[in-house]
Amino acid sequence: MNKYLTYNNLEESVLKYNLYLLPFFVIIGNAFITFSMIIVSLIYVISCLKKKKFLYLEKFEVKIFFVLYIYLVLNSFFSEYYEKSFIRSLFYIKYILFYIVYKNFLEKNFKKINNIGLFWIIIISLLSFDI
């Protein structure tokens, strides 16, 4: 089978290019950042369901994120408009998943994407010269 058609290679490519395009998404606006996080979260959930293993759930910082997330969701019930607050706080899981996915991705592919810092510096420099 062609190596370019495998799911793992597609997953790695999407995550890599998403990470490269993150500065552009910040410049373009909130909808692109949210779309990027949703794509990354879906990739993580599909990968975990396929492998039947959730990554980094035993790490201390992930446990802290989940405790804060549960606090946020429970705190939304005490809000004046608890229906809207609960729905809004429910989707904050994407930030935790974004962190977990890219922590895993950067640990696995650190040597392959060593030029990402240079790319981000160039984009941020061009943006600061434009301002």
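The secondary structure here comes to six helices and zero strands, where helices (H or I, at least four residues) and strands (E, at least two) are DSSP runs numbered from the N terminus. This is a predicted model, in which local features need pLDDT of at least 70 and side-chain atom pairs count only at pLDDT 80 or more, while totals for chains, interfaces and linings use all residues. Residues are numbered from 1 along each chain as its sequence is written, and side-chain values use heavy atoms, with hydrogens and water left out.

- Buried residues (under 20% relative accessible area, 1.4 Å probe, protein chains only) make up 27% of the 131 residues.
- Leaving aside neighbours within four places in sequence, L15 is in contact (heavy atoms within 4.5 Å) with V40, I43, V101, Y102 and F105.

**Where α3 meets α4**

- The axes of α3 and α4 (residues 82-90) come within 8 Å and cross at roughly 165°; these axes are lines fitted to C-alpha atoms over the stretch in contact, with angles running from 0 to 180 degrees between N-to-C directions.
- The two helices, α3 and α4, are therefore roughly antiparallel to each other (angles over 145 degrees).
- On the α3 side, Y69, L72, V73 and S76 meet Y82, S85, F86, S89 and L90 in α4.

Terms used:
Angles under 35 degrees count as roughly parallel, over 145 as roughly antiparallel, 65 to 115 as roughly perpendicular and the rest as oblique. Buried means under 20% relative accessible area, exposed over 50%, partly exposed in between (1.4 Å probe, protein chains only).
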